[in-house]
Amino acid sequence: MEELIRKLTAAYGPSGREGEVADLIESLLKGKVDSIRRDALGNLICEKKGTAKDGRRIMFSAHMDQIGLIVTHAEKEGYLRVSNVGGIFIANSRMRHVRFQNGVHGVLVEQPLKPGETSSMRTYYIDIGANSADEALRKVQLGDVAIYAEECFTLGERRLAAPAMDDRCACALLVSLMQALPPCKDTVIAVFSTQEEVGCRGGKTAAYSVEPDVGIALDVTLCGDQPEDRKLAINLGEGPAVKIMDMLSISNPELVQALLAAAKRAKIPCQREVLPFGGTDAGAMQLTRGGMPVCTLSIPSRNVHSSCEIVDLNDLENAQKLLLAYLKG
Amino acid sequence: MDLKTLCEAQGLSGREEKIRRMALDACVKAFGQSAVTLDGLGSVIARRKGANSAKPTVMLAAHMDEVGLMVISATEEGLLRFRAIGGVDARVLVSKRVRVGYEAEGKPSLPGVIGALAIHLQTAEDRKTVLPIEQLYIDIGAKDKAEAERLAPAGTLVTFDTPYTPFGDGCVLAKAFDDRVGVYNLLRLLDAPYDGDLVFAFTSQEEAGCRGAVSAGYSVQPDIALILECTSANDLGETPEALQVCRVGQGVCVSFMDNASIGDAELYRALLATGEAQGIPHQIKQFVSGGNDAGSIQRSGAGSRTLALSVPCRNIHSPACVCSVRDIDSQEALTRAYLQSL
C-alpha cells in the first residue's frame, strides 16, 4: 500500500489533466480486471465481472484529480498570474514550491497587500525564474496548471504526508482492492474519476455509463484530533469512516449498516462520519439516471487541501479489509 | 439571416420563439423537416448525417436567449415594477429605453423607459448609492394602475431597445450579442465541410442557468461539442492586463476553463493549433469567470468533450454591447477550419 501511495502521489493530475494518473493506474491494473476503458471526461473505468447471474453492479469511485493553479496571464516581468482549480486555501498557498507537468518549477508568492485589500488569487503570482512575458510563455502556456510540488514523506512509523493524498490514497486503496479481489458474486466496477475537485463532474458521467446498482465513493475526510479543530468525531489512525452524511449526500442507511457490519466481520476499527460541509462522488452517483443507494468510505486525513495532507497506513489497510469483507458478503 | 435582424429580435430565456422560428426555418430549408427536432425545452436540434461513420459526432451549440426584464406588477401611479431575467447589472438600467412586450403581427411592442430620481432632486448621499432593481420602475406613460395592468400585465417581457449600429473600426453596437453572434455563426456553418455527423443545437434558457443545453446535450450525446458563445471583454480604461479577460478586435477567444467547465485539454490544444496554422485571429480567454452551455453538455449522459469559442464583448448583458465584426468572423472561420481538420 505504501509503495502504491508513493507512486500515485508522485503523478501529476490536477482537475481536467488526469491523464498521467490514469496511465499509471491502467498499467497497475492491466490483466487484473476484465475490461478497462476511458470516457469523454477521462474517467478510467475498470470492470471485474461477478460470478452470479443475479449479482449486483457495485461501483467504487476514487477521484484521480488534485487541486491546482491555472495560468491566466504572464506579466511583462515574467511572473504568472493564476486562478484556482478546485478548493485552494489561500492560507496554505503562501511561498509554496509548485511545479508544472513539463517539469518547470515555480514559487507561489503573495504580493504585499494594499491597505484594505484582502488575500485572494488575484494577489498571488508564480515566479518561474523568467525575466519577461515571452520567456515565461516559452516555458509555460496559458491554461497550464501548477500543483504543489512537495514529495511524499513518512511521519513517525505508519503515517505519510503528501499533496494529492486527496484522493490518491483512495486510488491506491482501490487499485490494491482490485488487485487482491477474489472471484465474487457481484460485478465490481472501479472508477478512477476526474474533476471531483471542481464539482464531482467525472463521477456523474461515469455513473451514467456504468449503470451501477450501488455506488460507493472512496475519499478522504477531515480529522477532529488537531489543536483548535472543527470538532469532528474522526481521529487519524482509528480506522476508516463510514459516512452518514455530508452536504452532497445522505448515505443509504442499509448500505451504512452493511459497511459497519463488514468492519465487524473483518475485526477492524471503524468510525462513523458526519461532515457538515463538503461532498464526494457519492452525491453525483446518487442522482444519476433513476438513482441508487450510495455511501462514502472515508480515509481520515489531516490538513486536507494543503501540500502536506497526512494519512495513516493502518486506516488504508483496514479500509481494504472492510471492503473485501463487504464484497464477500 | 443577418446579425442585425437576430440582435434586434426579442428573445428572453424561456421565450425564444422568435429566434427559434428563424433557426427552425433555416435548418429545415438546409436539411429537410425530418432532420430537425424541437425538444421539450424549446431547443432546436438539427442533425446533418455524414457519410463517414468513423468520424466523431460533432455538436455545435449556441443559445438563443438574451438577458432582459419581466414585469411583476404596477404601482398606483401606473409605473411597472420588474425583475431581471438572467444576469443584469442594476447600474446599467437607469434611463434606458426598453420595449415592453413582444411585438407581433399588427401589434407593436410598447416603448418604455426605466426611470429614477432626476439628478436635480438627488441628495449627495443618493448619488453614492446604486438603486437596486426593486427601486426602479418602467414608465410606459400609463395614466394609472388599471391602464398599466391592461397594457403590461405581470409576466410581460421587456427587452432593451437598441438599434444595431456599426461604428468605428469594424465595431458594432447592439443588444443581445450574447448569444446572437453564436446563433448567427451556427446558421453560417450549416454548410460547413465535414463528412461525419454534425449536429446544430440552438439552445434555450442559457441565461437562466444553462438549462436548455442539459436536455439538448442529453439527446445528442456528441463525441465533441463546440460552444459558440459571447464573453466579457474588460479591456477599457485602467484595467490591468491580467484582469482584461480578452480584447475586442483581437480574434475569437479559446477557453481553457470557466466556472462551469474545464475545456477538454486536447480540444484546447487542437483549436489553438488550427488557429495558428490557418492564420485565423484568436486569443486565449485569460480569466476564470462565468459559465456557459459547455458545462451542461459536457456532463449530460455519459459525457462529451467540450470547448467554448467566444466572441469578446464589451458591456455584455447591457443595452449597448460592443463586438468587432472581425472577431465574429474569426469565430466562424476557426470552427469551420477545425471541422475541416478532423
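Student: Where does B:Asp179 sit in chain B?

Tutor: Helices (H or I, at least four residues) and strands (E, at least two) are DSSP runs, numbered from the N terminus. B:Asp179 is in helix H5 of chain B, residues 177-188. This is a predicted model: local features need pLDDT of at least 70, side-chain atom pairs count only at pLDDT 80 or more, and totals for chains, interfaces and linings use all residues. Residues are numbered from 1 along each chain as its sequence is written, chains are lettered from A and ligands numbered from 1 in the order in which they are written, and side-chain values use heavy atoms, with hydrogens and water left out.

Student: Is the peptide bond from B:Asp178 to B:Asp179 cis or trans?

Tutor: Start with the general idea. Most residues other than glycine have a negative phi, and most peptide bonds are trans. The bond from B:Asp178 to B:Asp179 is cis, with omega near 10 degrees.

Student: Which residues does a cis peptide bond join in chain A?

Tutor: A:Asp166 and A:Asp167 are joined by a cis peptide bond, with omega about 15 degrees. A:Asp167 belongs to helix H4 of chain A, residues 165-180.

Student: What is the phi of A:Asn303?

Tutor: Phi of A:Asn303 is near 60 degrees, a positive value in a residue other than glycine. A:Asn303 lies in a loop of chain A, between strand S16 (294-301) and strand S17 (309-312).

Student: How many helices and strands are in chain B?

Tutor: Chain B has nine helices and 17 strands. Its C-alpha trace spans about 65 × 50 × 35 Å along the principal axes.

Student: What does the radius of gyration of chain B agree with?

Tutor: The radius of gyration is taken over C-alpha atoms, and the globule rule is 2.2 Å times the number of residues to the power 0.38. For 342 residues, a compact globule would have a radius near 20 Å; chain B has 21 Å, which agrees.

Student: What are the domains of chain B?

Tutor: Domain bounds come from an automatic or database domain assignment. Chain B is divided into domain 1 (3-66 + 175-341) and domain 2 (68-160). Their C-alpha centres lie 31 Å apart. Contact means heavy atoms within 4.5 Å. Here it takes 14 residues from domain 1 of chain B and 16 residues from domain 2 of chain B.

Student: What area is buried between domain 1 of chain B and domain 2 of chain B?

Tutor: Buried area is the accessible area (1.4 Å probe) that two parts lose on being put together, summed over both. Between these domains of chain B the area is about 1,300 Å², and carbon and sulfur atoms give 60% of it. B:Gln10, B:Leu12 and B:Pro319 supply 48% of the area that domain 1 of chain B buries against domain 2 of chain B, more than any other three residues.

Student: How many residue pairs are in polar contact across that interface of chain B?

Tutor: A polar contact is a pair of N or O atoms within 3.5 Å; within protein, one must be able to donate a hydrogen and the other to accept it, and residues adjacent in sequence count only if both atoms are side-chain atoms. The rule finds eight such residue pairs between domain 1 of chain B and domain 2 of chain B (both at pLDDT 80 or more).

Student: What is the domain assignment of chain A?

Tutor: Chain A has domain 1 (2-66 + 163-328) and domain 2 (68-148). Their C-alpha centres are separated by 31 Å. In contact are 15 residues of domain 1 of chain A and 15 residues of domain 2 of chain A. The buried area is about 1,200 Å², with 55% given by carbon and sulfur atoms. In domain 1 of chain A, A:Tyr12, A:His305 and A:Ser307 lose the most area to domain 2 of chain A, together 43% of what that side buries.

Student: How many residues of chain B are in contact with chain A?

Tutor: 26 residues of chain B are in contact with 25 residues of chain A. About 2,000 Å² is buried between the chains, and carbon and sulfur atoms give 62% of that area. Seven residue pairs are in polar contact between chain B and chain A (both at pLDDT 80 or more).
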